[in-house]
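Subject: Structure for you to look at

Hello,

Here is the structure I said I would pass on. Please open it alongside this message, and read the notes below with the residues in view.

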Amino acid sequence: NSIESLAHGEAAINTGSSPNILKARMNVEQKEIALSLNKLADAPVLNLFLQTGPRYPAVRTDSSDPVSSLTDLFSKDAGINLSFGLAFNMDIWDGGVSKSSREADLISLSIARQNLEESNREVNENRKVLLGKLKLLEDKIQLLKTNIEYDKYLLQREIDLRETGSSTNV
């Protein structure tokens, strides 16, 4: 009987699939990711860049003529300038913004973890209550089965007494 196997713990109830627990787990994961991303945003950054641009001839035809900037690009002395380099960006002082942001992230992560623990505790308490109720119902079913068997016995006894003519009940 599946009810009996649940009551005796043979088939474990999966508390991890509770919507409250799943929501709390997702919230913890979200807070952990936010903390990691904020740490990365505050980290120093090293950039590699490559830049191209036109190189005009040293002697221009007529710098006052707007069309000459295009025609000078196609002259034999024109070309392309390439530049590349590294850029290192690091906040020296941000007024404590990153520290307070990290502390706020840690506090929200701590709260999310506490909520997850509370959800786990509530689900486990509900599981214990439900298993207790299940056990009571099984005991009640067993008692009713015993009563039915006893009533069948009394009925058969009365039938036997009536057949022998010694029944006292009408």
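The side chains of R113 and E32 form a salt bridge, with N and O 3.0 Å apart. Bear in mind that this is a predicted model. R113 is in helix α4 and E32 is in helix α2 (residues 19–42), so this pair ties together parts that lie 81 residues apart in sequence. R113 counts as partly exposed, at 41% relative accessibility. E32 is partly exposed too, and its relative accessible area is 31%.

There is also a salt bridge between the side chains of D42 and R102, where the N to O distance is 3.6 Å. Since D42 belongs to helix α2 and R102 to helix α4, the pair ties together parts that are 60 residues apart in sequence. D42 has 33% relative accessibility and counts as partly exposed. R102, at 30%, is likewise partly exposed.

A further pair sits within one helix. K152 forms a salt bridge with E149, and their closest N and O atoms are 3.9 Å apart. Both residues lie in helix α4, three residues apart, which is about one turn of the helix. E149 is partly exposed, with a relative accessibility of 48%.

As background, side chains of opposite charge can pair when their charged atoms come close. With that in mind, turn to D105, found in helix α4 (residues 97–164).

Is D105 buried or exposed? D105 is buried, and yet it has no salt bridge. The nearest side chain of opposite charge belongs to K31, 7.3 Å away.

What does the side chain of D105 make a polar contact with? The partner is the side chain of N38, at 2.4 Å. Apart from neighbours within four places in sequence, D105 is in contact with A34, L35 and N38.

Regards

Notes. Residues are numbered from 1 along each chain as its sequence is written. This is a predicted model: local features need pLDDT of at least 70, side-chain atom pairs count only at pLDDT 80 or more; totals for chains, interfaces and linings use all residues. Side-chain values use heavy atoms; hydrogens and water are left out. Helices (H or I, at least four residues) and strands (E, at least two) are DSSP runs, numbered from the N terminus. Buried means under 20% relative accessible area, exposed over 50%, partly exposed in between (1.4 Å probe, protein chains only). Lys and Arg count as positive and Asp and Glu as negative; His and the chain ends are not counted. A salt bridge is a side-chain nitrogen of Lys or Arg within 4 Å of a carboxyl oxygen of Asp or Glu. A polar contact is a pair of N or O atoms within 3.5 Å; within protein, one must be able to donate a hydrogen and the other to accept it, and residues adjacent in sequence count only if both atoms are side-chain atoms. Contact means heavy atoms within 4.5 Å.
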